[in-house]
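Here's a quick briefing for anyone meeting this structure for the first time. Take a look at the sequence and the model, then read on.

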Amino acid sequence: MHSFHGTNKRRSYFEGWYFKHQNGRDTAALIPAFHTDETGKPSASLQVLTDLESVSLDFPAEAFRADRHRLLVRLGDCLFSELGCILDVKTEDYQIRGKLYYGPFFQPKYDIMGPFRFVPFMECRHSVFSLFHRVNGDLIINGREIHFDEGTGYTEGDRGVSFPGRYLWTQCCRNGNSIMLSVADIPFLGGSFIGCIGFLLLNGKEHRIGTYLGAKLLHISENKIVLRQDRLILCIEAQENRAQPLRAPHFGNMTRTIHESAACSVHFHCSFRQKTLFDFVSDQASFENHWRAVP
């Protein structure tokens, strides 16, 4: 293992991983990250997001290591990989420890960015490592024990310079199925365009959604997305807001505050050729609403 990003390169950069775990009642998302600000100063962090709170823990850059060829991240005494994760962090007022074991990752067929992965100088590049997997083990957060027995997991990541100024994101696992959709205002060649990426994992089969596959937005607002791709219609609407604050990168600095609901009520409806594929409300869906323009 080695440092993912050299500390001698004076340019803004960030890379973060998002490990989500649910047991049907509790949600815990773990977000290890490395960042370099505009002056070239590197640092690292671990954010912990649950349905009750969010906490951001700072680490020195030398505490961070990641493998360039596989999903393997070390942050202090914490380790994250496709096999599971080990947590062991203690500060004056916060402690998290435990071990989680992952079942086999259901990996995407190909890069979630599609052909956009070849476009240089993009502000942010998204990755999906596992559409769905099982989670077993225990976490103890400030004395609160969260037990996972055949729970559900999802893993993704981002890297680049900054998060998009405007975006919506949602993810939900249900009955062995999974859905993710991200819509963002993407700077490009001096202008911008609204793009979307996502997938439906239904009965063990991945169905990809993307602007690069012809997906068209029919409606977008702060809590609702409606899109069409060929004869598929997808409607997603958040019905409540349980958002907790998280730190996000802005030119490599973790100075932007975003808000994510780790588990809230969201209505998902999808039809193909006017036949309903699914129509349900989940109170375990994650949702980020940042569609208003950033000042």
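Predicted model: local features only at pLDDT ≥ 70, side-chain atom pairs only at ≥ 80, totals over all residues.

Residues are numbered from 1 along each chain as its sequence is written, and side-chain values use heavy atoms, with hydrogens and water left out.

**The enclosed space**

- How many cavities of 30 Å³ or more does the structure hold? There's one.
- Here a cavity is a set of points, on a 1 Å grid over the protein atoms alone, where a 1.4 Å probe fits but cannot get out.
- The largest cavity takes in about 610 Å³ of space; a volume is the space filled by probe spheres set on the points, with grid points joined across faces, edges and corners.
- Its lining is made up of 39 residues, and Cys124, His126, Asp158, Phe163 and Pro164 are the closest to the centre. To count as lining, a residue needs an atom within 4 Å of a point.
- Sorted by class, that cavity lining has 23 nonpolar, eight polar and eight charged residues. Ala, Val, Leu, Ile, Met, Phe, Trp, Tyr, Cys and Pro count as nonpolar, Asp, Glu, Lys and Arg as charged, and the others, Gly among them, as polar.

**The open space**

- A pocket, by contrast, is an open set of points with protein on both sides within 12 Å along at least five of seven lines.
- The largest pocket has a volume of about 440 Å³.
- Lining this pocket are 25 residues, with Trp17, Leu71, Ser127, Val128 and Phe129 nearest its centre.
- Strand 1 (13-22), strand 6 (72-75), strand 10 (124-141) and strand 11 (144-160) each give at least two residues to the pocket lining. Strands are DSSP runs (E, at least two residues), numbered from the N terminus.
- The pocket lining splits into 12 nonpolar, five polar and eight charged residues.

**The nonpolar cores**

- In soluble globular proteins, nonpolar side chains tend to be buried together.
- A nonpolar core here means a set of buried Ala, Val, Leu, Ile, Met, Phe, Trp, Tyr and Cys residues joined through side-chain atoms within 4.5 Å.
- Which members of the largest nonpolar core touch the most other members? They're Leu30, Leu46, Phe59, Phe64, Phe80, Leu87 and Ile96, out of 33 residues.
- Leu30 has contacts (heavy atoms within 4.5 Å) that include Trp17, Phe19, Phe80, Leu87 and Ile96, leaving aside residues up to four places away in sequence.
- There's also a second, separate core of 29 residues, with Ile31, Ala184, Ile197 and Leu246 among them.

- Ser282 sits in strand 21 (residues 275-290), and it counts as buried because its relative accessibility is 8%, where buried means under 20% relative accessible area, exposed over 50% and partly exposed in between (1.4 Å probe, protein chains only).
- The side chain of Ser282 reaches the backbone nitrogen of Gln284 at 3.0 Å.
- Ser282 also touches Cys172, Cys264, Ser265 and Val266, again not counting residues up to four places away in sequence.
- Thr36 belongs to strand 2 (residues 27-36) and is buried, with a relative accessible area of 1%.
- Thr36 and Asn253 are 217 residues apart along the chain, yet their C-alpha atoms are separated by 6.9 Å.

- Lys109 lies in the loop between strand 9 (95-102) and strand 10. Is Lys109 buried or exposed? It's exposed, because its relative accessible area is 57%.
- Lys109 touches Glu206 and Arg208, not counting residues up to four places away in sequence.
- Asn142 is in the loop between strand 10 and strand 11 and is partly exposed at 43% relative accessible area. Its phi is near 50°, a positive value in a residue other than glycine.
- Arg273 is found in the loop between strand 20 (253-272) and strand 21, and is exposed at 56%. Phi of Arg273 is near 55°, again positive in a residue other than glycine.

Conventions:
Helix = DSSP H or I, 4+ residues; strand = E, 2+ residues; numbered from the N terminus. Polar contact = N/O pair within 3.5 Å; in protein donor to acceptor, adjacent residues only side chain to side chain.
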